[in-house]
Amino acid sequence: MSVLGVLSLLTFLFLCHSFVDGEILHQQIKKTFIVHMDKSSVPESFDDHLQWYDSSLKSVSQTANKLYTYNNVVHGYSVRLTVEEAQLLEGQPGVLLVQEDKKYEVHTTRSPEFLGILNNQESFPESGIPSDVIIGVLDTGVWPESSSFDDKEVGPLPPGWKGACEASRTFSSSSCNRKLIGARFFSQGYEAAYGPVDETTESRSPRDDDGHGTHTATTAAGSTVVGASLFGYAAGTARGMARHARVAAYKVCWLGGCLSSDILMAMEKAIEDGVHILSLSLGGSLNDYFQDPVAIGAFAATSKGILVSCSAGNGGPSRGSLSNVAPWITTAGAGTMDRQFPSYITLGNGKKITGESLYSGKPLPGSLIPLVYAGNISKASNGNLCMKGGLIPEKAKGKIVVCDRGQNPRAQKGLAVKEAGGVGMILANTDTFGEELVADAHFIPTAAVGQGPGEEIKKYTFSDPNPSAMVKSGRTQLGVQPSPVVAAFSSRGPNLITPDILKPDLIAPGVNILAGWTGKVGPTGLPEDTRHVNFNIVSGTSMSCPHISGLAALVKAAHPEWSPAAIRSALMTTAYSRYKNGERIKDIATGNPSTPFDYGAGHVDPISALDPGLVYDTTTNNYIDFLCAIGYSSSMIKLIAKQEYQCKADVKYSVADLNYPSFAVPFETASGPRGGSSAPTVVKYTRTLTNVGGPATYKVSVSQETNSVKIQVQPAVLSFSTPNEKKTYTVTFAATSMPSGTSSFSHLEWSDGKHIVGSPIVFSWT
């Protein structure tokens, strides 16, 4: 054999050896798995299910130890296994599913006034009496020293509370009080995946090092704090939506994210502790319900009478970008309030433009300063984004730099400008963000502007031989109209898992929200930010979710006997989708009227929600029938419901029969001559209303926004004489064929002259 042949053979053998070694290494790497067990199938040879769990695990690994054992949210446990061991375990009798741990991320004042709560205190029964409603917040933890957790407004601990205040090196058991009544942390799943928590950078305790958890908890139920602000912006009295409710914090999110094994254990403990509302401002990739840990945990909580509120996600304005779409979860999108933080730009040609900023440092001189576009003074291909180290100092020094929004944090762009010697920044939106303005506590004088003004500024910068500008900070501006508008970042429908269920359910304030903050990091959260603040202004559906959680707590306090579905119905059917002038709520991403795919039932109206007149109630069995309707097997249903249930062969299950407060009606585009069909498609939806008011007669009305669908409601009149009386009606939709991808909208209302019980209707052709 030639030398070349020998070398080729050796190379081949080396590659084969490397491949085999790589495969062996892959098989030996351990990952965290959640093991779902059929608890009803415990063999008689075992004293209890825990022994059976141990035995099943030992059958594939003698060394593996369980991280958590679950009894409520899941029947089973979480454990570190190799892929091969996990596959072997899934084949064992009684094992329903072995699921790899999933990573979730957090979805990152004036709202009580904007929502009308402060001016209508008399509408809240016993509004001066401390509430026993407990909101469990799963997030990055809590900063207990925040004045928003002062307990002077509340009384003794609620009866039946079983929670704890877990002490550690950075968190004392005395950190809890009558307001912050519980604080736990869950890190075993995270540490199994990423190694021990580095206690030099974050607290291995319920303490919040990020700020997100403190912000969401105080948004939901913060105590009254006079004189709150961020550097003087949004100055006033801060308070949560349900300021008399109690808070229990469950830390599940760490620097590297939030793992489903920890989230499930936190939900498990929250159910055992006795919370009434669960608030989760986090989300992950979209999965079928039986493979979605949050959906599974939420089903368990809902079956125990606990309302679960989740953020819709920050993937807007893209269609179908939603998270947390299970019908037993209340899914919250985000809108704006009537408050802005203006900053003012004057260009060298005299043009004046208003932007937005929370800069509070030394102002620029009141004279024109040279203006330059970042893309023209950078050594990087993406220099327009003002990445760290990407600007040429000789060309940035002493100038105001125009940076494009996107990719890196907005405030970090200003740091890049500052480090290059720039003195100010104009942050310009691209078409991804449209005209949406999000305020940040910038490090240098800054004005953030929408796409249109941004293009105008860049055009001036390119065309003028000596472009210049002034940037000046303003103060808080109230009464901004129109408001609300749908936030561009707020995730949109349709619901890609079940198009027959409209999501999000509704929207709430989620832009530029002032609430409590951690003492560990500055308002931007960047390592370079050494400023310390008690309150911060943040945006995201992470902020709209705790608004809904807190408002649900208010409704729960007024109507403690109501189910989670009844509370959600009250919030949805009283929401509004039009301004007082009759125009539909606008979408800031497009400037056009928004649709129910953007806002669901509409913007929450808490005063009306306290007295909705009628509600669409839903039971656990209704949800299980829904699972039958979407074709789930008995084993899939068991994963979610933790009970034996066999869908009946002689029953025709339909998603249309789920007693949901909104209507999503998908049609298939018929194929025929010229792509259409002369015969209309007819579908029927059934709903049941429960009377939660006095005797009344309700009449139906339907506002048609399309001629493509004929709508008939039978009966058209519903009379109620007693509380909790139920009446059923049917809606028949007869649709003509439309091109695939077409959507249209209508609205159905029941009214007795005092109450309006509204439901959005969405039609879509696929």
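Guide: Contact here means heavy atoms within 4.5 Å. The model is predicted, so local features need pLDDT of at least 70 and side-chain atom pairs count only at pLDDT 80 or more, whereas totals for chains, interfaces and linings use all residues. Residues are numbered from 1 along each chain as its sequence is written, and side-chain values use heavy atoms, with hydrogens and water left out.

Leaving aside neighbours within four places in sequence, Leu278 is in contact with Gly136, Leu138, Met267, Ala270, Ala301, Ile306, Leu307, Val308, Ser309 and Ser549. Leu278 is also among the residues with the most contacts inside the largest nonpolar core, together with Ile263, Leu280 and Trp328. That core has 67 residues; a nonpolar core is a set of buried Ala, Val, Leu, Ile, Met, Phe, Trp, Tyr and Cys residues joined through side-chain atoms within 4.5 Å. Buried means under 20% relative accessible area, exposed over 50%, and partly exposed in between (1.4 Å probe, protein chains only). A second, separate core of 38 residues includes Val137, Cys176, Ala220 and Leu307.

Over residues 132–601 the chain is 21% helix and 22% strand, where helices (H or I, at least four residues) and strands (E, at least two) are DSSP runs numbered from the N terminus. The end C-alpha atoms of this range are 29 Å apart. Of the 766 residues of the chain, 56% count as buried, and the secondary structure of the chain comes to 17 helices and 37 strands.
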